[in-house]
Amino acid sequence: MSVRTIGVVMNGVTGRMGYRQHLVRSVLAINEQGGVALSDGAKVRLKPVLVGRNADKLADIASKHNISDFTTELDAALADDDNLIYFDAQVTSARVKSVLKAIEAGKHIYAEKPTAESTQEALALAEAAAAKGVKNGVVQDKLFLPGLLKLKRLIDGGFFGRILSVRGEFGYWVFEGDWQEAQRPSWNYRAEEGGGIVLDMFPHWHYVMENLFGRVESVYARAVTHIPARVDEQGATYQATADDAAYGIFELAGGVIAQINSSWAVRVNRDELVEFQVDGTHGSAVAGLRNCRAQHRSATPKPVWNPDLPATARFRDGWQEVPDNAEFDNGFKVQWEAFVRHVAEDAPFPNDFASGARGVQLAELGMRSNAEGRRIEVPQL
C-alpha cells in the first residue's frame, strides 16, 4: 500500500472553529487513522502548515500537537511546492485576499463559509479558481450531521410524500461578556469585521435547503440586533453593529415553504441547538444535530382544540426515533476526506465555490429584504 503526503496550508487555526473542528478533529484525526483511503487502495496523509498573525499562539498549537511547520508569512507557505492545498478559516473579512493569493499560487482551495462578504466577491473567487484550473471547495458541514443524514434517508425513501413545509429553529444565548464570558468572538457582532448572524447562518441554510428540499426562489427576512452592547475579549464594552438574530421565510422550488429562525439571543427549549421540522402529506419528521424523529400519517393522532380541557395526550410520545443504521463520523472530517479525494484522484465534490457564492447571495438578499421590508426573488447564478 502506497502512502502519499500532501502539505496543507491552514490559515486561521488559532480560532475556535479552525482549531477544534478543522485541525484537531479533521486533519490530525485523518493522520491518526492512517490517512485518506483512495479508490486504488493508496492513502494520503496530510502535513499541516499553520499560518496566522500571532506567532506565539501558532507556536503553542504546534508544540501541543507536534507540528513542525508554522509561520506568520502566508507568501512563504504558498511558495512551497509540496503544499498543494490551502485552507482558510480566518475571519470573513480577511478571506478573499488570502484565497486569491492561494489561487494565484496554484493551490487547491478549501475554505470555510461564507467565502466572501458579497456575492460579487464570492463569484470572483469562483471565476478565479476556474480560470486558474485549481480545485475548490467550501465547508458545508451540516449536510454530514447524523440528524440531517437520517432526514435525507427519509426523503430519499419517499417517506414524506409531497413535502409541504420546513420549520427550522437554531440558536442559543450568547452571554454579553460582562458577568459571564461570551461563547463567541466579538468580531461576530461587528458588521465592519464581517460579523452578523445573517452572513454567518444564511449560507448554511442555503445549502441545507438546496440539497434537501429544493432551490431557493425567494426570501423575506427580518434581521435585528437584540443586544446593542457587549463586552469584548479585553473586557471593553463595545456597540454591536451586526445583527444577532434573523427571522426568514424562504420559498423553494416545488412550492415548499421554509421558515428558519436564527438567534444568538434565545434560550434553548429544544432537544438540540438546531432542529428542522419537515411536514409532508404522508409523514413528518424533526431532525437535529444527531437525532431524528418521525411520525407517519397512519400513526398521526387526531387532536381536538378545546381550551377548556387539559390535553391528555403526550404528543411527543407519538413519534418514532429514526435508527442510525450506520456509523457517523465527524461531519467536518468526512468533508475533508472528500476534498482530499477530489484533489488526489478527481473524485466528485459538489460543494464548490459556485455553491458557496449562492449561499452568500442568499445572505446578501436577506439583508436587502430586511432593509426594504419586502420579499426578494433569488435569481439563479
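Guide: One term to start with: patches are made of residues with over 30% relative accessible area and no salt bridge, where like charges are joined within 9 Å and nonpolar side chains (Val, Leu, Ile, Met, Phe, Trp, Tyr) within 5 Å. A salt bridge is a side-chain nitrogen of Lys or Arg within 4 Å of a carboxyl oxygen of Asp or Glu. Accessible areas come from the Shrake-Rupley method with a 1.4 Å probe, and for residues only the protein chains shown count as cover.
Visitor: Which residues form a nonpolar patch on the surface?
Guide: Tyr-220, Ile-249 and Ile-257 do, with about 230 Å² of accessible area together.
Visitor: What should I know about the model itself?
Guide: This is a predicted model: local features need pLDDT of at least 70, side-chain atom pairs count only at pLDDT 80 or more, and totals for chains, interfaces and linings use all residues. Residues are numbered from 1 along each chain as its sequence is written, and side-chain values use heavy atoms, with hydrogens and water left out.
Visitor: Back to Tyr-220. Which strand is Tyr-220 in?
Guide: Strand E9, residues 216-224. Helices (H or I, at least four residues) and strands (E, at least two) are DSSP runs, numbered from the N terminus.
Visitor: How many helices and strands does the chain have?
Guide: The chain has 9 helices and 18 strands.
Visitor: New topic. Is Thr-119 buried or exposed?
Guide: Thr-119 is buried, because its relative accessibility is 8%. Buried means under 20% relative accessible area, exposed over 50%, and partly exposed in between (1.4 Å probe, protein chains only). Thr-119 sits in helix H5, residues 119-132.
Visitor: What does Thr-119 touch?
Guide: Leaving out residues up to four places away in sequence, Thr-119 touches Ala-357, Val-360, Gln-361, Glu-364 and Leu-381. Contact means heavy atoms within 4.5 Å.
Visitor: Where is there a cis peptide bond?
Guide: Between Lys-113 and Pro-114, with omega about -10°. Pro-114 is in the loop between strand E6 (108-111) and H5.
Visitor: Why point that out?
Guide: Because most peptide bonds are trans, and most residues other than glycine have a negative phi.
Visitor: Which residue has a positive phi?
Guide: Asn-325 is one, with phi near 60°. Asn-325 lies in the loop between strand E17 (320-321) and helix H8 (331-345). Asp-346 also has phi near 60°, in the loop between H8 and helix H9 (353-372).
Visitor: Is Asp-346 buried or exposed?
Guide: Exposed, because its relative accessible area is 54%.
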